[in-house]
Amino acid sequence: MYRRKFLRGLVTAGAALALLAGVTAPAEAALLDEVSGNGHGTIFRAAGSNFGVPLLARFQYHFTGGDHHIRQVSAMPLPQQIGVEVAFADENGDDDYGYRVSTEHVDATGVVQASFHGTCVGQCSAFLFTRPAADVVFVLQGFRVTFENGDHHLDKIGVQEDNGILTTTFRDNNGDDPFTYDVSYAWVPRSRFGVITETSSAVHASGLATPAAFAGEKVIRGFSMDNLNTGDSGDNHIRDLGVVATANNFEIRYGDDDPRNSADWRYLVRYGVVF
C-alpha cells in the first residue's frame with residue numbers, strides 16, 4: 001500500500017526569489033491526497049492530510065479474482081478520523097480487490113460542505129436545501145451505496161446533481177432492490193474553476209473508455225455508468241469500476257471478466273478543473 005501527496009505552488013521563479021529573500025510567497029491552496037492498495041470488505045485508511053476541504057478526484061476498484069456480484073461500493077472521506085472508507089464487496093466481503101481513491105484538498109474559504117443519507121429502490125432523487133445563494137458548483141466529496149437485501153448483478157450506478165436535486169442510482173436489471181446511500185458533497189465557489197464541463201458516450205465490447213478531457217487538476221461533480229441492454233443481458237457481474245483522471249483524459253472502467261461479451265454501456269462524468 002502507498003499514499004501519494006502532491007503540493008502544488010511555490011514553483012515559479014518569482015516564488016523561488018521570494019523564498020531566497022526570506023519572504024513567504026502565497027502558495028496555490030490545493031493538495032492531492034491518494035490512498036491505494038489491496039484488501040477485502042470495507043477498508044479504512046488514514047488520509048495524508050487534514051488541510052482544507054477534500055473533493056473527490058478519482059476512484060477505481062478491481063476484483064483480483066474474477067468478477068462478482070456486488071453489495072457495497074464506497075469512496076467516503078471520514079473527516080473526523082482524517083481518513084477514507086473504501087469498499088468494493090459482495091455479500092460476504094471476502095474477495096480481494098485493488099483500489100485507488102484520490103481527493104483534491106482545497107482551501108475552505110467560501111466552501112459549504114454537507115451530506116445526504118437516504119434509502120430507496122433503484123433510483124431516487126432528493127432536493128438539497130444546503131445550496132447557498134452565491135455562485136457555486138456542486139462537487140462530490142465521496143459516496144457509499146449498499147444493497148439492503150444481499151448482493152446483485154450491476155446494471156447502473158451513479159450520483160448526480162441537477163439544479164439542486166441529487167439523484168442516486170444503484171440497481172440491477174429490474175431495479176426492485178432497496179439500497180441505502182450516503183453522499184458527501186461541497187458547494188464550491190465558481191471562481192475556483194477554470195472549466196466546468198462533462199463527457200459522455202456509449203462503449204461497445206470493452207470495459208474501458210478513454211475520452212479526452214481538459215488539462216489540469218480535475219474533481220468529479222457527478223458520474224454514472226449504465227448497462228444499455230435489457231432482459232437477461234441487462235446486468236452483469238462486475239470486475240472493474242472507476243473514474244480516473246489523467247493529465248489530458250479520463251479512464252472510465254465498467255466491466256465484468258470478459259467485457260467483449262457484455263452489453264454496451266454508457267458513461268457520464270461531470271467534472272471541473274480547479275485553479
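Are Phe138 and Trp187 buried or exposed? Phe138 is buried, and Trp187 is buried too; buried stands for under 20% relative accessible area, exposed for over 50%, and partly exposed for values in between (1.4 Å probe, protein chains only). This is a predicted model, where local features need pLDDT of at least 70 and side-chain atom pairs count only at pLDDT 80 or more, while totals for chains, interfaces and linings use all residues. Residues are numbered from 1 along each chain as its sequence is written, and side-chain values use heavy atoms, with hydrogens and water left out.

**Aromatic rings**

- The count of aromatic pairs is 20; rings of Phe, Tyr and Trp (its six-membered ring) pair if their centres lie within 6.5 Å, with planes under 30 degrees apart called stacked, over 60 edge-to-face and the rest tilted.
- Phe138 and Trp187 make an edge-to-face pair, with 5.6 Å centre to centre and 70 degrees between the planes.
- One aromatic cluster includes Phe59, Tyr61 and Phe223.

**The sheet**

- Six strands form an open antiparallel sheet in the order E9-E12-E11-E16-E19-E14; strands are DSSP runs (E, at least two residues) numbered from the N terminus, and two of them pair if DSSP finds at least two bridges between them.
- Strands E9 (123-127) and E14 (193-203) are at the edges with a single partner strand each, so one side of each has no neighbour in the sheet.
- Strand E16 (residues 218-227) pairs with strand E19 (residues 265-274) in the antiparallel sense over nine bridges.
- Met225 has Tyr267 in E19 as its bridge partner.

Technical notes. Helix = DSSP H or I, 4+ residues; strand = E, 2+ residues; numbered from the N terminus.
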